[in-house]
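Trainee: I have just opened this entry and would like to understand how its chains meet. Could you take me through the interface?

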Number of protein chains: 10
Amino acid sequence: MLFKVEMDVNIPLGFDPQEAARLKAEEKARFQELQLAGTWRHIWRVVGQYANVSIFDVPSNAELHDILMSLPLYPFMTVRVTALCRHPSSAYEDDR
Amino acid sequence: MLFKVEMDVNIPLGFDPQEAARLKAEEKARFQELQLAGTWRHIWRVVGQYANVSIFDVPSNAELHDILMSLPLYPFMTVRVTALCRHPSSAYEDDR
Amino acid sequence: MLFKVEMDVNIPLGFDPQEAARLKAEEKARFQELQLAGTWRHIWRVVGQYANVSIFDVPSNAELHDILMSLPLYPFMTVRVTALCRHPSSAYEDDR
Amino acid sequence: MLFKVEMDVNIPLGFDPQEAARLKAEEKARFQELQLAGTWRHIWRVVGQYANVSIFDVPSNAELHDILMSLPLYPFMTVRVTALCRHPSSAYEDDR
Amino acid sequence: MLFKVEMDVNIPLGFDPQEAARLKAEEKARFQELQLAGTWRHIWRVVGQYANVSIFDVPSNAELHDILMSLPLYPFMTVRVTALCRHPSSAYEDDR
Amino acid sequence: MLFKVEMDVNIPLGFDPQEAARLKAEEKARFQELQLAGTWRHIWRVVGQYANVSIFDVPSNAELHDILMSLPLYPFMTVRVTALCRHPSSAYEDDR
Amino acid sequence: MLFKVEMDVNIPLGFDPQEAARLKAEEKARFQELQLAGTWRHIWRVVGQYANVSIFDVPSNAELHDILMSLPLYPFMTVRVTALCRHPSSAYEDDR
Amino acid sequence: MLFKVEMDVNIPLGFDPQEAARLKAEEKARFQELQLAGTWRHIWRVVGQYANVSIFDVPSNAELHDILMSLPLYPFMTVRVTALCRHPSSAYEDDR
Amino acid sequence: MLFKVEMDVNIPLGFDPQEAARLKAEEKARFQELQLAGTWRHIWRVVGQYANVSIFDVPSNAELHDILMSLPLYPFMTVRVTALCRHPSSAYEDDR
Amino acid sequence: MLFKVEMDVNIPLGFDPQEAARLKAEEKARFQELQLAGTWRHIWRVVGQYANVSIFDVPSNAELHDILMSLPLYPFMTVRVTALCRHPSSAYEDDR
């Protein structure tokens, strides 16, 4: 099942830069793991923001919840979740 | 260049159903033409709404404007445009 | 999978009362069918509003979309959908 | 009487983790006590948020107020309260 | 139980003045009936608006719902309901 | 003259509890003084919030301003003021 | 007593121009009557809007209400009322 | 040229009271200087808020900007600026 | 003096197309007249909207008001006006 | 390609003034570099705010993103990006 997830990241001024770098590296590793698994199907940056628009493909709401809550940068994120589904006009059966 | 475009469609109560059907068929045909051209890269329905989330890949802002303004259902749409770009964490060079 | 769906109904002043009564009867029948099937698990009225708060239990986002879009009163509704999941503190395994 | 209560929890970055764990354990114990008493009738997590949607069944506004204000995590919560009532279309007399 | 109810009235331009006058007279009669019964405890006009702030004292959420939905001017109102309770600082036991 | 005043109180996490208790006691004493004087005519708690809805009866805008600004908890409050007046439908001449 | 009143005027497309002209002339006459009486102390246009910012000086909330509700263009207005008072820093005792 | 300027002042809890008193005295002196010069034509307090509504009369946008940015309390203010102009209905040629 | 003016145009469905075309032609002619005079210094389309962002250079607020209110499409516009001034970092003395 | 970028700057009270001055000088230098390159085509101050309205002319969304994210004051900014395009009514072919 498909969801649009929009993540705005806000790391406070004065937060330890080394800790921030470590969390970003962990986030990137976790993202790539989920991307290769086909769960985190798309990610795009929002121009001018420390934010992304993502598409997730998950077997259930509960799994999406667990994935999002365990992201290394989650404590710094504002997250908006929107349930999506395939569009009948699409020429591609597996457009996800 | 990539853009997220969110379209909410609102056809007023009492609008002629045949005219609505004709416009929807035209919209679908135009969509598929743009999908096959690689311009309208993704489309998803928003659950519970007559609305979609789409990703466009266009050579310029002006071209995106011309495409959107000439959609058959544009007079019934509320449209939000957000400029996106490729995310550096992505494992796929051509993830669009 | 569980979703909170909030529906605000707005039938315009001057809408034909007989047609409104017919649509409300159809809506009620459709609701009861879905309630008995366990899909529309809960419904509550919002005090002072022509509106409800509902809990749906569906196998997929797509099925929820199809159910909502085909409700007889859908053209008069503003709908908000929120993905939910079971809470781990709950003492009831099947609390839905 | 039925109320929808939506609780968003925000524990600040840097809050003592042991104290947070203690408060969460207290919150869980208090929740289960109220759940077994039939007061806190339902609880669901909101996907991607540290938040829940709950249904309370209380004898009075004042009792709901006292319950909410004394929750161990209340100082970290944003709370929205909506008065509900039984829906006449429901097939279940005691649907709460 | 106490509720603050805020009602904004908007009768469209061009609505039949006689019908409007009839509905206002009915509304006034219904208000006074509820005021004398102690249900509609207070009403104040909002300066510069066709709107009021009211305090209701009702035995249940359901009764408040039924009262509001059957007001003669309800179809022209936007209504906001807020659950209240007695304030412990008040010197008056029965301040309602 | 009548005003609705809505006060939301927000004492920051970590504020000295003894100082908070002292300010609340002062606030309560000041409230009761104004209640007995007939100035602070009504106060109700908002369910689930550290907030109240109040009705003030004052000779002038300036006096209301001076009263509110000198409340012991004012520095922790968000305040909304709405000018009211007697409603002509009311059966009570002195309903304040 | 002083109030800021902000009035946005919206006469619908297609409203009879002669009737609109008549109402505007009545509004102007009523304004000037109130200006000369010292009640409508100031009026300024908002640049680019069919709107004004005004200062009223009235003996009571009720009088302000009656004045506003009887303005010839009131049915076309959105009105916002804010209670003001003299500023202690002002060098002018009678600055209104 | 006339502008409405609305200033909300928010001095954080715990800010040094002596420094606050010094800044307020400076602000008052600067205000009176501008009032006497005819630049800061009006100032009113907003009831229940640490805020004012002001009318400025300046030769240019740039001058207004320089005045506002150099106010001693500017770092504590939220400021909203609205361009105004004389209203043609006004009986006073020099109503500013 | 410089102002940012944002204009959203909304011509209702079913408005006479010939009249709309006439008004648009008049709007274009008026725009070009003001552009050549240096008053309407810049105009840009907002992608995906029937809307523009414009920069005006006018001698006074009043003149801007008169220009905007007399635009042929003004009755169909929502307009937002923001006062601007030259930025001191700019390398160009006459950057307008 | 053209974009409107609106930047609101908020340097917290108590931030080291020397560091702030250093960042502002760096920001100014970077701005002028981009202005001379024709990338940062326009900048205007918003009256009464520490904020600007700017027009960027960039070859791609990605380039705009990289420019904005690397501005020395970016960590203190709230940024809004709007895609623009040339307006067909403009008499100037190269109006940017």
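Mentor: Let us begin with a term: a salt bridge is a side-chain nitrogen of Lys or Arg within 4 Å of a carboxyl oxygen of Asp or Glu. Please keep in mind that this is a predicted model.

Trainee: How many salt bridges are there between chain A and chain B?

Mentor: The count is 2. K4(B) forms a salt bridge with E6(A), and their closest N and O atoms are 2.5 Å apart.

Trainee: Which element of chain A gives the largest share of the side that touches chain B?

Mentor: Strand 2 of chain A does, with 6 residues. By class, that side of chain A has 15 nonpolar, 8 polar and 8 charged residues.

Trainee: Changing topic, how much area do the two chains bury between them?

Mentor: Chain A and chain B bury about 2,700 Å², and 62% of this lies on carbon and sulfur atoms. On the chain A side, W44(A), R45(A) and H87(A) lose the most area to chain B, together 24% of what that side buries.

Trainee: What about strands, in which sense do strand 4 of chain A and strand 2 of chain B pair?

Mentor: They pair in the antiparallel sense, over 3 bridges.

Trainee: Which residue is the bridge partner of C85(A) there?

Mentor: R45(B), in strand 2 of chain B, is the partner of C85(A).

Definitions and conventions: Residues numbered from 1 in each chain as written. Chains lettered and ligands numbered in written order. Predicted model: local features only at pLDDT ≥ 70, side-chain atom pairs only at ≥ 80, totals over all residues. Heavy atoms only, no water. Buried area = accessible area lost by both parts, 1.4 Å probe. Helix = DSSP H or I, 4+ residues; strand = E, 2+ residues; numbered from the N terminus. Nonpolar A, V, L, I, M, F, W, Y, C, P; charged D, E, K, R; others polar. Pairing = 2+ DSSP bridges.
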